Amino acid sequence: MTWISTIIIFLAGILVGALAVRLTNKSVQQQKSLKKELDKSKYELEQFRQELVDHFARSADLLDNVAKDYSKLYEHMAKTSTELMPNLPAQDNPFAKRITSLETVKENANDDENVEQPPRDYANGATGLFKGESTAVTEEEKAQLHTEPKAS
């Protein structure tokens, strides 16, 4: 009788274990599929973010070009309006007020470009100074030396 009860309990344990494995196996498969979907969504989100960054960078470049072109166009119109109609009174010329402001803006931009730079203490590329070789200064380096502001 004890053998029969032991076999029945053993079979019941196998059935309960099989049922538990079956139930947990579905949840593991669900977890795997959810993880896969999550990874896919993260990848798509990262792609979208990169496309958005690229879009804004390109848009900024285009807006910068538009602003430069607008400035050039306005400058051209102001210049030609004074050249083509020199006797036109200032109140009739729509560009007359802004011609002076454009010149001050240009002067300020040129002042920013002419900021004194400290002298460089290095050469462009290898000079061959320690090898005893004589090196010729290229035209580009000469031009660069002449355009660099000198410290006083």
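Lys 35 and Asp 39 both sit in helix α1, four residues apart, about one turn of the helix. Helices here are DSSP runs (H or I, at least four residues), numbered from the N terminus. The model is predicted: local features need pLDDT of at least 70, side-chain atom pairs count only at pLDDT 80 or more, and totals for chains, interfaces and linings use all residues. Residues are numbered from 1 along each chain as its sequence is written, and side-chain values use heavy atoms, with hydrogens and water left out.

**Salt bridges**
- The structure holds two salt bridges (a side-chain nitrogen of Lys or Arg within 4 Å of a carboxyl oxygen of Asp or Glu).
- Lys 35 and Asp 39 form one of them, at 3.7 Å, N to O.
- Asp 64 and Lys 68 pair at 3.5 Å, N to O.
- Asp 64 and Lys 68 also lie in α1, four residues apart.

- Lys 35 is partly exposed because its relative accessibility is 47% (buried is under 20% relative accessible area, exposed over 50%, partly exposed in between; 1.4 Å probe, protein chains only).
- Asp 39 is partly exposed at 37%.
- Asp 64 is partly exposed at 38%, and Lys 68 at 48%.
- Tyr 74, Ala 78, Thr 80 and Ser 81 of α1 are buried.

**Helix span**
- The 83 residues of α1 should span 123 Å at 1.5 Å a residue (1.5 Å times one less than the number of residues).
- The end C-alpha atoms of α1 are 121 Å apart, which agrees.

Conventions: Helices (H or I, at least four residues) and strands (E, at least two) are DSSP runs, numbered from the N terminus.
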